[in-house]
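Hi everyone, thanks for making the time.

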Amino acid sequence: MSHFNTYRDAFPNARLTRKDNGVLEVALHTDGGKLAFNGHTHEQFVDLFHRIGEDRDNRAVILTGTGDAFMDSISPDGFDFFTPLGYDKIFREGVKVLSNILDIEVPMITALNGPVLLHSEYALLTDIILATPETVFQDKPHFEFGIVPGDGMHLLWPHVIGSVRGRYFLLTRQLLDAETAKEWGVVNEIVPADRLLARAHEIADGIAALPPLTGRYTRMAMTQPLRRLINEGTAYGLALEGISAAEVARSMASQG
């Protein structure tokens with residue numbers, strides 16, 4: 001079991017604050033500004049979500065970003081896609097981070113403070129999604145790097161917006177605006193940026209006021225189908241992603 005004071009300051013890319021009612025706010029960032037995702041954050045977030053899930057004093061969780069985007073930039077720093085042992089690390093972390101989010105057994109709210117161009121699967125595993133008018137969704141980096149979007153994107157987008165729409169979204173790198181995302185069931189509310197966190201806390205406070213087991217067990221009941229989906233398909237998707245990365249590496253080597 002985790003205790004908040006043992007992990008509150010443990011993550012350089014996550015600012016954690018918790019109110020007396022058990023509402024935990026998790027703001028992803030890099031040096032206090034917009035998050036720059038890389039191999040180091042990929043590793044770090046596995047433990048972040050695990051520690052949150054192990055803390056029985058958390059009553060609701062708000063996940064948000066910092067600055068003008070939730071997540072819109074990625075760097076290859078810290079990633080090794082092109083050796084078996086390097087990709088094994090990515091594979092294990094990719095499987096574990098999604099299961100660790102689902103192992104957070106209290107209701108989760110994502111407050112999307114701007115564009116989500118990568119790892120939108122984090123948000124899709126939460127229970128309530130708030131966006132700003134500036135929020136857009138896209139799966140940008142996978143095809144830019146020439147690899148399969150197999151880290152849960154291939155499962156969750158078709159699940160949330162429908163099979164045909166989901167496959168189109170991924171294959172064309174469709175840019176999905178907030179209004180369309182709301183119409184298609186990705187977003188619950190569109191809130192002005194200056195009201196986003198206040199609205200997230202308003203909802204979270206209502207959840208935290210429930211009897212502890214009620215909120216916890218409701219999240220567990222509602223995410224059971226997602227758990228089955230993730231367990232069945234994530235490892236397969238990441239294996240295909242790794243094969244495609246190996247082919248990219250072979251092509252790069254032959255051109256060099």
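Let me begin with a definition, since I'll be talking about strands and their partners: two strands count as paired if DSSP finds at least two bridges between them. Please also keep in mind that what you see is a predicted model.

Now, the sheet. Six strands make it up, and the sheet is open, with the order S1-S2-S3-S4-S5-S8 and mixed pairing. Which strands stand at the edges? Those are S1, residues 14-18, and S8, residues 189-190; each has a single partner strand, so one side of each has no neighbour in the sheet. As a reminder, strands of a sheet pair through backbone hydrogen bonds, in either a parallel or an antiparallel way. One pair I'd like to show you is S4, residues 108-112, with S5, residues 128-131: these two run parallel and are joined by 4 bridges.

On to the helices. H2 covers residues 39-54 and H3 covers residues 84-102; they pack at an angle of about 35°, and their axes are 8 Å apart. The crossing of H2 and H3 is left-handed. Who takes part in the contact of H2 with H3? From H2 we have residues including Phe 45, Val 46 and Phe 49, and they face a group in H3 that includes Ile 90, Val 97 and Ile 101.

Is Glu 93 buried or exposed? Glu 93 counts as buried, at 10% relative accessibility, while Lys 89 counts as partly exposed at 27%.

That brings me to the other salt bridges. Across the whole structure, a search finds 17 of them. Glu 105 and Arg 216 form one, with their closest N and O atoms 3.5 Å apart. Glu 105 lies in the loop between H3 and S4, and Arg 216 is in helix H10, residues 212-255, so this pair ties together parts that are 111 residues apart in sequence. Arg 216 is buried, with a relative accessible area of 5%, whereas Glu 105 is partly exposed at 22%. There is also a network of salt bridges linking Glu 189, Arg 195, Arg 199 and Glu 202. And Asp 9 forms a salt bridge with Arg 8, with 3.9 Å between the closest N and O atoms; here Asp 9 is exposed, at 70% relative accessible area, and Arg 8 is partly exposed, at 36%.

Last stop, the backbone. Most residues other than glycine have a negative phi. Now look at His 119, which is not a glycine and has a positive phi near 50°. His 119 lies in the loop between S4 and helix H4, residues 121-124, and is buried, with a relative accessible area of 9%. Arg 173 has a positive phi too, about 55°. Arg 173 sits in the loop between helix H7, residues 163-171, and strand S7, residues 176-177, and is partly exposed at 34%.

Notes: Residues numbered from 1 in each chain as written. Predicted model: local features only at pLDDT ≥ 70, side-chain atom pairs only at ≥ 80, totals over all residues. Heavy atoms only, no water. Axes fitted to C-alpha atoms, helices over the stretch in contact; angles between N-to-C directions. Left-handed = near helix turned anticlockwise from the far one by under 90°. Contact = heavy atoms within 4.5 Å. Buried < 20%, exposed > 50% of the residue type's maximum accessible area, 1.4 Å probe, protein only. Salt bridge = Lys/Arg side-chain N within 4 Å of Asp/Glu carboxyl O.
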